[in-house]
Amino acid sequence: MRSRDLFTSAMLFAIYSLLCAALFAVLDAGDVALTEAAVGAGISTILMLAVLALVPRREAEAVRSNWPALGVVILTGSVLIYATLDFPEFGNPDNPVQTHVGPYYVEETYSDMGIPNMVAAVLASYRSIDTMGEGFVILTAGLAVYALLGTRRRKSKPASKPASNPKAAQKP
Amino acid sequence: MRNNGILRIVARFLIPLIMLFALYIQFHGEYSPGGGFQAGVVFAAAWILFALIYGLEAALDVIPERAMYVLMLIGVLIYAGVGVAGVLLGGHFLDYRPLLDDPQYAQQFGIVTVELGIGITVSTVTMLIFTMFVQRRADSIRSAGRD
């Protein structure tokens, strides 16, 4: 599906995220489904619409085809597809993902912490340094947006005064 | 949207419920799906809905921009502070067991506290990004009108 209307693209992206959330809910991944619905379908769409209020509504036409980029995409895609041939069988209980640390979390979370939600236990206790890093990533994102948009807003006010001075000088 | 009666009435009912749901998935996160990230985003979504219907100035009267800067730093400081408290009480960084006597209660206390820190940071950063974009839009309209 292709659209040059960015508003349509943002709405399609929201619908895609909502369908993904439904898929996660069907797969019994409640935490991921909640995150996808809240972040992917909700906040991302709102922020994209906030950006769309600042930019033109339609995507610019590409002047010419970029053949090196197409080559890189095809090469990367074929390497990735080749890598899938080495995957272990889907859903096999002997896969490394099922036999490494996973069984420990499933069996010991309740006796370690007394809480039934293993996802919360892994995120906030077993792997809490990762989650702290994510918190700092969010903080950095906020600071980056402030650095890009917040300071420019203050600069625009003094800059507008010299712009109004020539008009005042022309009047007499 | 300020003059649309249906939107105003529906939002007046919905916003408290959305905020209550955010607090539920924040503080019930260790029993049911949820946690700081989801709760922060849902709380920010309620605030953004308020801003969309009643205007950004009214929303900034509720949570001022300066409070957002302070709170987003307080959120990560709560998280890191729990980690440092574990070190000071004789454990490793982000080891919750020294915090309380009972190891299970200590883990639950640690999880709830760090999730609270994450929730505060995520919600205020989301509100701040939205505020920044909306103010940028207002400035560009104002400068275009001046030209």
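This briefing describes the fold of chain A, its contact with chain B, and the packing inside the structure. The model is predicted. Chain A contains seven helices and zero strands, and the contact between the chains draws 48 residues from chain B and 41 residues from chain A. The largest nonpolar core comprises 48 residues, with helices of both chain A and chain B contributing to this core.

**Chain A**

- Along the sequence, the elements of chain A follow the pattern α-α-α-α-α-α-α.
- Of the 172 residues in chain A, 16% are buried.
- When contacts in chain A between residues at least 6 apart in sequence are considered, 39% of them join residues at least 24 apart.
- Leu85(A) is located in the loop between α3 (67-83) and α4 (96-99) of chain A.
- Leu85(A) counts as exposed because it has 6 C-beta neighbours inside 10 Å, and a residue with 12 or fewer is classed as exposed.
- A distance of 34 Å separates the C-alpha atoms of Leu85(A) and Ile129(A), which are 44 residues apart along the chain.

**The contact between the chains**

- The contact involves 48 residues of chain B and 41 residues of chain A.
- On the side of chain B that touches chain A, at least two residues come from each of α2 (36-54), α4 (65-88) and α5 (103-146) of chain B.
- The greatest contribution to that side of chain B is made by α5(B), with 26 residues.
- By class, the residues on the side of chain B that touches chain A are 26 nonpolar, 16 polar and six charged.

**Packing of α4(B) and α5(B)**

- The axes of α4(B) and α5(B) lie 8 Å apart, and the two helices pack at an angle of about 155 degrees.
- This angle makes α4(B) roughly antiparallel to α5(B), because angles over 145 degrees are counted in that way.
- The crossing in which α4(B) passes α5(B) is left-handed.
- The contact of α4(B) with α5(B) has 15 nonpolar, seven polar and one charged residues.

**The largest nonpolar core**

- Within this core of 48 residues, those with the most contacts are Val41(B), Val42(B), Ala44(B), Trp47(B) and Leu128(B).
- At least two residues of this core are supplied by each of α2 (30-52), α6 (118-126) and α7 (128-170) of chain A, and likewise by each of α1 (5-27), α2, α4 and α5 of chain B.
- Apart from its neighbours within four places in sequence, Val42(B) is in contact with Ala38(A) and with Ile18(B), Phe21(B), Ala22(B) and Ile25(B).

Technical notes
Residues numbered from 1 in each chain as written. Chains lettered and ligands numbered in written order. Predicted model: local features only at pLDDT ≥ 70, side-chain atom pairs only at ≥ 80, totals over all residues. Contact = placed C-beta atoms within 7 Å. Helix = DSSP H or I, 4+ residues; strand = E, 2+ residues; numbered from the N terminus. Nonpolar A, V, L, I, M, F, W, Y, C, P; charged D, E, K, R; others polar. Buried ≥ 20, exposed ≤ 12 C-beta atoms within 10 Å, placed from the backbone. Axes fitted to C-alpha atoms, helices over the stretch in contact; angles between N-to-C directions. Parallel < 35°, antiparallel > 145°, perpendicular 65-115°, else oblique. Left-handed = near helix turned anticlockwise from the far one by under 90°. Core = buried A, V, L, I, M, F, W, Y, C linked by C-beta atoms within 7 Å.
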